[in-house]
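Here is a short briefing on a protein and its ligand. Look at the structure first, then work through the points below.

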Amino acid sequence: MKVCVIGTGYVGLVGSAIFADWGNEVIGVDIDDSKIKKIEAGKMPIYEPGLGEIVTENIKDGRLSFTTSLVKGLKGAELVFICVGTPQDDKTGAANLSHVWDVAKEIGENIKDYKVVVTKSTVPVGTNERIKRIVGKHTAKGVDFDVASNPEFLREGSSVEDMRNPDRVVIGSDSKKALEKLRKIYDHLNTIIVETDLRSAEMIKYASNSFLATKISFINEMAQICERAGADVSQVAYGMGLDRRVGKYFLRAGIGYGGSCFPKDVAALYKTSTDQAYDFKLLRSVMEVNENQRAYYVDKITDYFGKNLTGKKIACLGLAFKSDTDDARESVAIKIIRTLRGLGAKICAYDPKAMKNAQEILGDSNITYTENAYDAMKGADALCLLTEWSQFGELDLGRVEKSMVAKVIFDGRNLLDKEEAEKAGFAYFAIGKRASGVDYTRFEEGSSAILESANGS
Ligand code: UDX
């Protein structure tokens with residue numbers, strides 16, 4: 001099948017590469033000429049395991065090409081995928097859809113025969129109906145088209161694998177013809193294809209991401225209670241997760257969720273709820289808990305050193321918003337580093353993949369970027385583990401102990417074993433587990449105030 005994919009970000013680039021790998025003739029369109037040239041030369045704009053090889057191979061085999069010309073991209077294509085960014089509007093929290101509207105207008109102006117216009121970008125409920133109106137307004141008389149929604153559920157770092165082996169494919173449209181055509185591209189997959197109306201398909205994406213974010217905020221609040229009550233949140237999550245109704249995924253307590261999807265999608269769904277005159281209270285709490293989790297982590301550091309960190313050298317391992325990616329957008333690690341730097345600390349930072357992207361966001365003031373994890377820890381007063389890279393869980397603690405000045409670890413991702421860290425001579429602070437030597441009776445003193453406020457008095 002001939003396919004046009006508009007946008008070469010995460011969704012568009014992975015989408016076009018895999019569609020081509022499935023044997024389709026794919027043309028990727030982007031307004032950024034230099035980006036396209038790089039991709040054609042085999043240099044991927046993002047770090048995504050396996051992607052470079054698939055792109056290069058499919059270009060070589062003639063199934064995949066790129067262009068800046070939408071007219072060229074649309075020629076002969078049966079399916080036209082919109083994969084442009086929908087960033088969060090800073091003021092309202094809603095998704096900014098200006099790129100989507102621009103592309104819809106351009107598609108309308110340039111199609112000459114029947115197309116199915118498919119939205120893969122994450123867009124709020126009702127967007128595809130508006131796309132239909134915009135495309136229709138600009139289409140020449142007698143040219144027919146349909147609109148469909150096909151949200152993606154790719155995780156950065158494993159998007160190639162996710163696209164090849166999805167848990168499900170969601171396709172939504174009010175046109176049977178469009179659904180049939182769209183189904184064809186996925187039919188060979190061993191998965192369930194969920195056919196819905198347009199609005200339900202749009203909502204499934206937001207509901208899925210918001211529910212996963214809810215699981216994370218739930219376990220992060222559990223972490224706070226576990227620590228106070230003397231339970232271990234990792235053990236609790238394991239015990240809960242074995243119940244298939246609960247599910248074991250997305251129950252890792254930490255410093256909160258980040259990235260280019262969860263924060264924006266949860267905020268956008270909340271905005272949708274208020275637009276419909278409904279206050280989605282649970283989501284409001286999910287966002288609030290996520291913000292608080294960062295403060296909970298930083299408090300551990302300031303409880304230990306005091307609020308003035310001037311003169312303290314803090315080794316920060318992890319800059320990416322999660323492991324296996326070079327993406328540092330909306331990374332909680334970056335936000336924590338900014339706070340620590342604001343309190344006067346000197347930061348030594350290392351990340352296996354996200355150094356360049358993080359440096360662009362954080363700059364160089366009071367931060368040294370090192371070539372490996374151990375260099376960051378030389379002469380440090382504290383070690384902060386901020387991203388869940390598996391290699392940080394395998395640190396040689398003997399070597400770490402020798403290079404640091406003070407021996408304290410703040411493990412924001414529960415990567416290390418408390419007993420082992422303490423045996424190696426560290427004061428060890430994790431998420432949702434009691435630390436040795438901390439007076440937890442102080443929390444009991446606040447209990448009556450909390451009860452009063454919970455009862456609204
Ligand atoms: C997410 C969705 O998983 C994916 O389906 C959607 O298409 C895009 O958004 P992604 O943003 O790549 O994918 O990352 P994900 O693996 O979901 O992690 C998001 C954030 O949650 C990260 O900051 C991660 O560190 C955090 N997280 C995840 C936790 O804190 N605990 C967990 O148990 C899982």
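Start with Glu 388: one of its polar side-chain atoms lies 2.8 Å from an oxygen atom of the ligand. The protein buries 96% of the 670 Å² that the ligand exposes when taken alone. Keep in mind that this is a predicted model.

- Leu 251 has a polar backbone atom 3.3 Å from an oxygen atom of the ligand.

**The shell around the ligand**

- The ligand is surrounded by 19 residues.
- The closest are Leu 154, Glu 156, Arg 252, Phe 321 and Glu 388.
- By type, the shell has nine nonpolar, two polar and eight charged residues.
- Helix α9, residues 198-229, gives the largest share of the shell. That share is three residues.
- Both domains take part: domain 1 (2-196) and domain 2 (210-429) each supply at least three residues of the shell.

- The protein is divided into domain 1, residues 2-196, and domain 2, residues 210-429.
- In the contact, 17 residues come from domain 1 and 16 residues from domain 2.
- The centres of the two domains, taken over C-alpha atoms, are 33 Å apart.
- The size of an interface is often given as the accessible area lost when the parts come together.
- Between domain 1 and domain 2, the buried area is about 1200 Å². Carbon and sulfur atoms give 55% of that area.
- On the domain 1 side, Tyr 47, Gln 88 and Glu 156 lose the most area to domain 2. Together they make up 45% of what that side buries.

Notes:
Residues numbered from 1 in each chain as written. Predicted model: local features only at pLDDT ≥ 70, side-chain atom pairs only at ≥ 80, totals over all residues. Heavy atoms only, no water. Near = heavy atom within 4 Å. Polar contact = N/O pair within 3.5 Å; in protein donor to acceptor, adjacent residues only side chain to side chain. Areas by Shrake-Rupley, 256 points an atom, 1.4 Å probe, with all protein chains shown as cover. Helix = DSSP H or I, 4+ residues; strand = E, 2+ residues; numbered from the N terminus. Nonpolar A, V, L, I, M, F, W, Y, C, P; charged D, E, K, R; others polar. Domains from an automatic or database assignment. Contact = heavy atoms within 4.5 Å. Buried area = accessible area lost by both parts, 1.4 Å probe.
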